[in-house]
Amino acid sequence: MKLVVGLGNPGIEYQFTPHNLGFLTIDRIAERCNVDVLSRRCQAAAAKTKLAGHEVMLAKPETFMNLSGLSVRKLIEDLGLEPAKDLIVVYDELDLPFGTLRIKQRGGTAGHNGLESVIGSLGTDDFVRVRLGIQPDHPVRDGAKYVLAQFKKSQLEVVGDLVDRGAEAVESILKEGLAAAMNHFNQRPKKEET
């Protein structure tokens with residue numbers, strides 16, 4: 001069993017905000033697997049499915065972002081899993097340009113409160129992360145306000161593409177392994193020659 005957790009905030013008012021890209025990615029994976037993330041388990045909306053030959057639990061913690069780790073720890077314990085080999089966390093990353101995606105294992109939090117909660121609750125930073133870039137092309141004065149503001153219509157196409165690639169990245173990690181997925185998804189875009 002693998003656990004794929006998307007970080008976000010419950011509630012319709014947060015649904016289409018940068019901080020909810022993790023939730024949106026879980027919904028996209030569920031849509032592709034033809035399941036609904038509606039069961040309640042360990043303070044999360046959850047669904048079991050099969051993905052890339054693995055039994056997978058999809059989860060969206062309902063503890064609000066800053067307490068995400070409470071739900072993640074309960075799920076890990078309830079399912080008898082090891083974070084280093086069984087957990088993938090999908091979340092928004094203000095340090096990455098909008099629309100970019102990076103996969104990594106281990107590391108810091110870059111000030112992401114949800115990720116800090118997960119690491120604090122698990123007592124380890126050794127788990128796979130799918131980081132979805134939300135940094136705008138202009139300076140942000142108030143990061144907390146920015147991540148909770150609704151996406152603009154002009155951003156929705158990029159958001160849709162990013163969520164699709166997030167779902168593909170999770171599937172790639174499960175199917176091909178972490179190294180191959182990182183090699184594929186972490187490539188920098190090639191500059192066009194003039």
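So, the largest pocket: about 290 Å³ of space lies in there. By pocket I mean an open set of points on a 1 Å grid over the protein atoms alone, where a 1.4 Å probe fits, with protein on both sides within 12 Å along at least five of seven lines. The volume is the space filled by probe spheres set on the points. One thing to keep in mind is that this is a predicted model, where local features need pLDDT of at least 70 and side-chain atom pairs count only at pLDDT 80 or more, while totals for chains, interfaces and linings use all residues. Residues are numbered from 1 along each chain as its sequence is written, and side-chain values use heavy atoms, with hydrogens and water left out.

Okay, on to the largest nonpolar core. That's buried Ala, Val, Leu, Ile, Met, Phe, Trp, Tyr and Cys residues joined through side-chain atoms within 4.5 Å, buried being under 20% relative accessible area with a 1.4 Å probe, protein chains only. This core has 34 residues, and Leu21 and Ile103 are among those touching the most other members. Helix α6, residues 156–176, brings the largest share, eight.

Leu21 also sits in helix α1, where it's buried, as are Phe23 and Ile29.

Note on methods:
Buried means under 20% relative accessible area, exposed over 50%, partly exposed in between (1.4 Å probe, protein chains only). Helices (H or I, at least four residues) and strands (E, at least two) are DSSP runs, numbered from the N terminus. On a 1 Å grid over the protein atoms alone, a cavity is a set of points where a 1.4 Å probe fits but cannot get out, and a pocket is an open set with protein on both sides within 12 Å along at least five of seven lines; lining residues have an atom within 4 Å of a point.
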